Amino acid sequence: MIKRKINIFGTTGSIGQSTLQVFRKNKGAYDFIVFSAFDNVDQLINDCIEFKPQYANIGNEKQFLKLKNALFDTDIILSCGRASLVDLACTKVDWSMSAIVGFSGVEVSLRCAEHSKILALANKEALVCAGKLLLSICKSNNTKLIPVDSEHSAIFQCLEGERRVDLRSITLTASGGPFRNWSLKRIRSATLEDALKHPNWSMGTRITIDSASMFNKSLELIEAMHLFELDFSDVEVIIHPQSIIHSMVNFNDGSTLAQLSLPDMRGSIGYSLNYPNRLNIGMENIDFAKIGSLEFYEPDKNKFRSLELVEKVGRNLDLGVIFNAAKEIALDRFISGEIAFLDMVDLVEKTLAESSLVNRIAHTPQNVSDILEINELTRVIAKKIEF
Ligand code: NDP
Ligand code: MG
């Protein structure tokens, strides 16, 4: 039997670990090629011992010695730092999971799109910052992009076997996060600890805070526009606190198809791995009687202004890289305690209004170096915005 060759970028993260859980069901059927982490050397060591990839990369050079010492008696080829990481993303494989968080994962996603037969994309920032480029690379290399973000996986699944021309619009569901029922006044003084209490999903720190501010949903809106070639007005966001319906597709004949499953990322990871089949990945089906009811509400854009602000990007997708970089700096500054929760959206708004950036973007980002440069430029500006 020919084993499928597998890369997992961001192995030690929340998605990376859920991906390994899916593989644990049938480890012997795969050849693991590349694993990567940034700082969490202990987890990477454990994963390397268990799955025996051919290569392992750690971002933080201070952890490299520990990695080498722990794995000296294995055949795993070890490396450290960004240049080797990007090189490793050029390894020819059957399936790559791109699950490095944030802009740091964009270049890796682009390389995987060139060299993997299937790109399982969790790193939504790649689409937000470089959607046109990523999709054109996939097209020219005949790479199948399968979204892992649960909403986009749901839409992808609902569109299987359908004609694209029959699609009218999509409805992205959002749990509403921990502040769904908080007043604006109370959100004003929300702490990091409050923002980290996601009601339904267990995820990495950054996406959890982005879910509380609904910046995550704003990124997902742009992600959906790229993936499914939609206009801004074709994508609606609805609050669905139970996180059971992961998103819906509305067709011209008035029908809506939805994908439902328990809120567990193994579902969309397994789908991207086994596509077009649906193999047992150890997940239960929904017990509807237990859930009782499913609710839906309009999002409150006064409380979650990122949903309003994203329209600017939705009308000009080239602004995605600026939007994301400003949001990442805002998040860093909130995590470090420098700015308040609601300052994050103000910071992004002010950065988007910077004429130097908007003028720079007028020359549409076409290649990786343009995107890297605009990202850097935005970060410098966003760091200087005062409150
Ligand atoms: P985590 O923070 O849990 O994990 C991030 C991974 O990326 C870790 O392996 C981390 O290494 C690595 N990493 C971080 N910074 C760098 C860097 N500069 N260079 C190289 N590697 C780095 O994130 P998540 O798993 O939550 O999210 C990953 C991606 O998936 C994000 O784009 C997120 O938006 C998306 N996503 C996540 C969902 C979820 O449920 N978690 C749902 C939908 C999408 P280390 O552990 O060593 O720090
Ligand atoms: Mg999502």
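Two strands count as paired if DSSP finds at least two bridges between them, and strands themselves (E, at least two residues), like helices (H or I, at least four residues), are DSSP runs numbered from the N terminus. The structure to which these terms are applied here is a predicted model, in which local features need pLDDT of at least 70 and side-chain atom pairs count only at pLDDT 80 or more, while totals for chains, interfaces and linings use all residues. Residues are numbered from 1 along each chain as its sequence is written, chains are lettered from A and ligands numbered from 1 in the order in which they are written, and side-chain values use heavy atoms, with hydrogens and water left out.

One sheet is open and built from seven strands in the order S4-S3-S2-S1-S5-S6-S7, with parallel pairing. Strand S4 (77-80) and S7 stand at its edges, and because each has a single partner strand, one side of each is left without a neighbour in the sheet. From one strand to the next the twist averages 15°, where axes are lines fitted to C-alpha atoms, for helices over the stretch in contact, and angles run from 0 to 180 degrees between N-to-C directions.

Strand S8 (residues 167-174) and strand S10 (residues 245-251) run antiparallel and are joined by five bridges, with leucine 167 opposite phenylalanine 251 in S10. In the loop between helix H12 (266-274) and helix H13 (288-291) lies proline 276, which is joined to tyrosine 275 by a cis peptide bond with omega about 0°.

Ligand 1 is surrounded by 24 residues, the closest being Thr12, Ser14, Asp39, Asn40 and Glu125; a residue is near a molecule if one of its heavy atoms lies within 4 Å of it. This shell draws at least three residues from each of domain 1 (4-148) and domain 2 (150-311), with the bounds coming from an automatic or database domain assignment. By class, the shell has ten nonpolar, ten polar and four charged residues, where Ala, Val, Leu, Ile, Met, Phe, Trp, Tyr, Cys and Pro count as nonpolar, Asp, Glu, Lys and Arg as charged, and the others, Gly among them, as polar.
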